[in-house]
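My entries follow in the order I made them.

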Amino acid sequence: MNVLTADLRTIFHMPQTELSSQALDFVAAIEPGFLYRHSLRSYLFARELAGQQELRPGADYDDETLFLSCLLHDVGLCETGNGNQRFEVDGADLAARFLKEHGVDEERISVVWDAVALHTSDGIAHRKGPVAALTQAGAALDVLGRDSAQLPSDFAERVHAAFPREDFAYAITDAILTQATDNPAKASPLSFPGQVLRRHLPAGELPDWQDLIMQSAWGDQPITRA
């Protein structure tokens, strides 16, 4: 069910284009409510962070592209987007297919693909342009509260009143775990989903970096330091 009314789109100054409306309907139809609301909050937080960085929509970044990236960034966690890759990449591929079917040019599709695929990748997303950087920042703020002190007074409260959290951080953790448990290929040891999964398995069942190099075919040995 689409919880974003016309009034809320106006109150929060969200894009009103035909493409943004089609994307809203698409995501509302395939995502559970907790993910859909997270995507909307992520956009609102990303846009506010952009303002704090003096980034201007239409000059420094394209607002509709940011909206699409934030809205689509977790579609890999729903059944429609669930493939055999880590959820970020499955989501990026589904986002690209949706945009291509709606006539979006390849350059913009590439921007959205990067933003979706890299939204859990610290140290990389911020090097792939403002849309990818802001998408990651908005999502991280919503999940972890990162940089929440930069938001205007009472802004988070207004966003949460419109789009309730309902213990979101734990809900998305469960969604990642469900996919990873059903298909271990989606949670390789060095990926973000693998990190989430490791804590919920018996110790040593999912190898960490040290385990991997100890099991390497090359037989490397620890360096002895004087």
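**Entry 1: helix H4**

I started with helix H4, residues 63-72, and found it mostly covered, with 10 of its 10 residues buried. I kept in mind that this is a predicted model.

**Entry 2: His-38**

I looked up His-38 next and found it in helix H3. Is His-38 buried or exposed? I logged His-38 as buried, because its relative accessibility is 1% and the cut-off for buried is under 20%.

Setting aside neighbours within four places in sequence, I listed the contacts of His-38. They are His-73, Asp-74, Ala-139, Asp-142, Val-143 and Phe-168.

Phe-168 came up again when I checked for charges over rings: Arg-41 lies over the face of Phe-168, at 5.5 Å from the ring centre.

**Entry 3: aromatic pairs**

I searched the whole structure for aromatic pairs and got 6. One of them is Phe-26 with Phe-98, which I recorded as stacked, at 4.6 Å centre to centre and 20 degrees between the planes. This pair links distant parts of the chain, since Phe-26 is in helix H2 and Phe-98 in helix H5, 72 residues apart. I put Phe-98 down as buried because its relative accessibility is 4%.

I also wrote down Tyr-43 with Phe-67, an edge-to-face pair at 5.0 Å centre to centre with 90 degrees between the planes. Tyr-43 lies in helix H3 and Phe-67 in helix H4, so the pair ties together parts that are 24 residues apart in sequence. I checked burial for this pair as well: Tyr-43 and Phe-67 are both buried.

**Entry 4: cavities**

How many cavities of 30 Å³ or more are there? I counted 1. The largest cavity holds about 30 Å³ of space.

I took down its lining as Phe-87, Ile-176, Gln-179, Ala-180, Lys-186 and Pro-193. Helix H9, residues 168-182, gives the largest share of that lining, with 3 residues. By residue type, I sorted the lining into 4 nonpolar, 1 polar and 1 charged.

Technical notes. Residues numbered from 1 in each chain as written. Predicted model: local features only at pLDDT ≥ 70, side-chain atom pairs only at ≥ 80, totals over all residues. Heavy atoms only, no water. Buried < 20%, exposed > 50% of the residue type's maximum accessible area, 1.4 Å probe, protein only. Helix = DSSP H or I, 4+ residues; strand = E, 2+ residues; numbered from the N terminus. Contact = heavy atoms within 4.5 Å. 1 Å grid on protein atoms, 1.4 Å probe; cavity = no way out; pocket = protein on both sides within 12 Å on 5 of 7 lines; lining within 4 Å. Points joined across faces, edges and corners; volume = space filled by probe spheres on them. Nonpolar A, V, L, I, M, F, W, Y, C, P; charged D, E, K, R; others polar. Phe/Tyr/Trp six-rings, centres within 6.5 Å; stacked < 30°, edge-to-face > 60°. Lys NZ or Arg CZ within 6 Å of the ring centre and 35° of its normal.
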